[in-house]
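I opened the notebook to go through one model element by element. The entries below keep the order in which I looked things up.

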Amino acid sequence: MTDAQDYIGGNWVEVTSRRQVRNPARQQEVLGTIGLSGESEVNAAVEAAAEAFRGWKKLGMVARGNLLFQAAAVLDAHVDELAEVATREMGKPWGESRGEALRAVAILRYYAGEGYRPVGDVIPAASAQALQYTVREPLGAVAVITPWNFPLAIPVWKMAPALIYGNTVVVKPAEWSSLTAARIFELIAPIFPPGVVNLVLGLGTDAGEALIQHPQIQAISFTGSTTVGARIAETATRRNIKYQTEMGGKNPVIVAADANLDLAVEAVVSGAMRSAGQKCTATSRVIVLEAVHQAFRDKLAARVRALKQGDPLDPDTFLGPVVSASQHQKIMDYIAVGAREGAELIVGGDLADTALKDGFYIPPTLFDRVSETATIAQEEIFGPVVGITPVATIDAAIAAANRVRYGLSASVFTQNLQTALTFVEEIEAGMVRVNDETAGVELQAPFGGVKASSSHSREQGRAAMEFYTHVKTVAIKP
Ligand code: NAD
């Protein structure tokens, strides 16, 4: 049992109002409790971050980078344990959680190294004697609001760039991943001066709302649903502070007539079913050329049927539970809507294994002949559900792929360079792949979407510097 607390100004702060956390794989197993912070905890955390900002900024990038290297080393020594905490709390198979923990370590190392790289430009001035250049200045106290589906990687991929460029942070993790966030803080927070990193646990409508409204918050980095993202954009715009919102997806894979079908099947299984489909970059639509439709459908159905579902701590498990009762209900409702609107349910739908009834399990589910305009082809399901839509031509496939409000990631499977290049040019998505799955963008590359998927800023890699800094232009005449 863990009783997770807030971390404010270098101290653990007990919050009396609390909520129980249970294992989504076995509802009778209580894992611990989390504090439900309110305005007073949020105010204290933001004030601590604002007070620590000046000193942290003045420390300089190299020194800050060295502290991030220390944080990476500490997390690296606890990778297996962190994976277990995350898996127990949100249900992702242990192997995937371990991969995520390693990614968090790699992210910290990447941004620690950033402390040694040049920032800013020297720009020619009209007067030959003058020196004109730019520097990158941190923003101040930044709010970091994260979802539950990458409980280890996302808080770190926002905190690390914020910190290296000189900002201080207040992190508000999702209610369903707060034990994991608290464990990350237990491990790395003591490395930083008091107030530089702060954690407030609680509900989005309560702690989250108080955080985004706080006048001393200078920027908001958010990942989560499109609805909450819109609210954050509105609030930040009113206050004229920077914001970035990474939101939903409805990511297509196009299978061309000349595709390597085995490769495409493996990529769809991995993209659609890992993490039980709870990735913003998960594959949720497969648009297949009619010439290979039957062959592809048969191969994919056989693979999906063979996936092992079970305890996410069991190393043989491919698919664990989804995170919560409400997500479970939402996904089951989408499966019912899919069948009602006329799609052909070929695998899954109902949970056959009664031994799993105690957790929030959804069987891997495959629909065929999903119309382009069907609800399950349009709305983000965020579960282990994928639909096949057969089309006659590549042009029709790309048009179908684009006919959604989202634009996060997309893939094509083809052996024809022209088809690949046409797809890359025409597809409306922020992250585009050829002969690879829709999920899994590397940490040193920009991450983000277009349309309703993102506020068009980018995370990860050097792109993060654009968000976490202001440019100051300096001209000096001797
Ligand atoms: P959510 O929007 O419900 O919650 C995300 C975070 O926002 C949580 O910490 C929550 O407490 C907080 N929040 C809720 N209401 C708030 C408010 N009024 N003010 C401030 N904060 C508030 O999302 P979720 O259910 O945790 O995550 C699932 C969603 O996240 C999916 O839609 C998924 O596509 C998206 N997601 C996107 C990406 C991406 O990079 N594009 C990555 C992962 C998840």
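Where is Gly440 found? I located Gly440 in the loop between E20 and strand E21 (450–451), where helices (H or I, at least four residues) and strands (E, at least two) are DSSP runs numbered from the N terminus.

Before going on I noted that this is a predicted model, in which local features need pLDDT of at least 70, side-chain atom pairs count only at pLDDT 80 or more, and totals for chains, interfaces and linings use all residues. Residues are numbered from 1 along each chain as its sequence is written, and side-chain values use heavy atoms, with hydrogens and water left out.

**Entry: Gly440**

I read Gly440 as partly exposed, at 48% relative accessibility, on a scale where buried means under 20% relative accessible area, exposed means over 50% and partly exposed lies in between (1.4 Å probe, protein chains only). Leaving aside neighbours within four places in sequence, I found Gly440 in contact with Thr281 and Arg433, contact meaning heavy atoms within 4.5 Å. I also looked up the C-alpha atoms of Gly440 and Gly271, which are separated by 8.5 Å although the two residues are 169 residues apart along the chain.

**Entry: the sheet of seven strands**

I traced an open sheet of seven strands with mixed pairing, in the order E15-E16-E17-E14-E13-E19-E20; two strands pair if DSSP finds at least two bridges between them. Strand E15 (344–347) and strand E20 (431–434) stand at the edges, and because each has a single partner strand, one side of each is left without a neighbour in the sheet. Neighbouring strands of this sheet are turned against each other by 20° on average, direction ignored, with axes taken as lines fitted to C-alpha atoms (for helices over the stretch in contact) and angles running from 0 to 180 degrees between N-to-C directions.

Within this sheet I followed strand E14 (residues 283–289) and strand E17 (residues 385–391), which pair in the parallel sense over five bridges, and I found Thr389 in E17 as the bridge partner of Ile287. Helix H13 (residues 394–402) packs on the sheet and touches strand E13 (251–255), E14 and E17, with a direction at about 160° to that of E14. Helix H11 (residues 325–340) lies across strand E16 (365–368) and E17, and I noted that H11 runs at about 25° to E16.

**Entry: the sheet of three strands**

I then turned to an open sheet of three strands, ordered E1-E5-E4, whose pairing is mixed. Its edges are strand E1 (2–4) and strand E4 (18–23), each with a single partner strand, so one side of each is left without a neighbour in the sheet. The twist averages 35° from one strand to the next. E4 pairs with strand E5 (residues 26–35) in the antiparallel sense over six bridges, and the bridge partner of Asn23 in E5 is Arg26. Helix H3 (residues 79–90) packs on this sheet, touching E4 and E5, and its direction makes about 110° with that of E5. Helix H6 (residues 178–188) packs on the sheet as well, touching E1, E4 and E5, with its direction at about 50° to that of E5.

**Entry: two buried residues**

I placed Asn167 in the loop between helix H5 (153–164) and strand E9 (168–172), and it is buried, with a relative accessible area of 0%. The side chain of Asn167 reaches the backbone nitrogen of Leu139 at 2.6 Å. Not counting residues up to four places away in sequence, Asn167 touches several residues, among them Phe53, Trp56 and Tyr468.

I found Thr245 in strand E12 (residues 242–246), where it is buried at a relative accessible area of 2%. The residues that Thr245 touches, not counting those up to four places away in sequence, include Phe222, Ile232 and Ser454.

**Entry: the ligand**

Which residues are closest to the ligand? I listed Lys172, Glu209, Ser225, Met247 and Glu380 as the closest of the 27 residues that surround the ligand, counting a residue if one of its heavy atoms lies within 4 Å. A nitrogen atom of the ligand is 2.8 Å from an N or O atom in the side chain of Glu209. An oxygen atom of the ligand is 3.3 Å from a polar backbone atom of Gly204.

Conventions. Polar contact = N/O pair within 3.5 Å; in protein donor to acceptor, adjacent residues only side chain to side chain.
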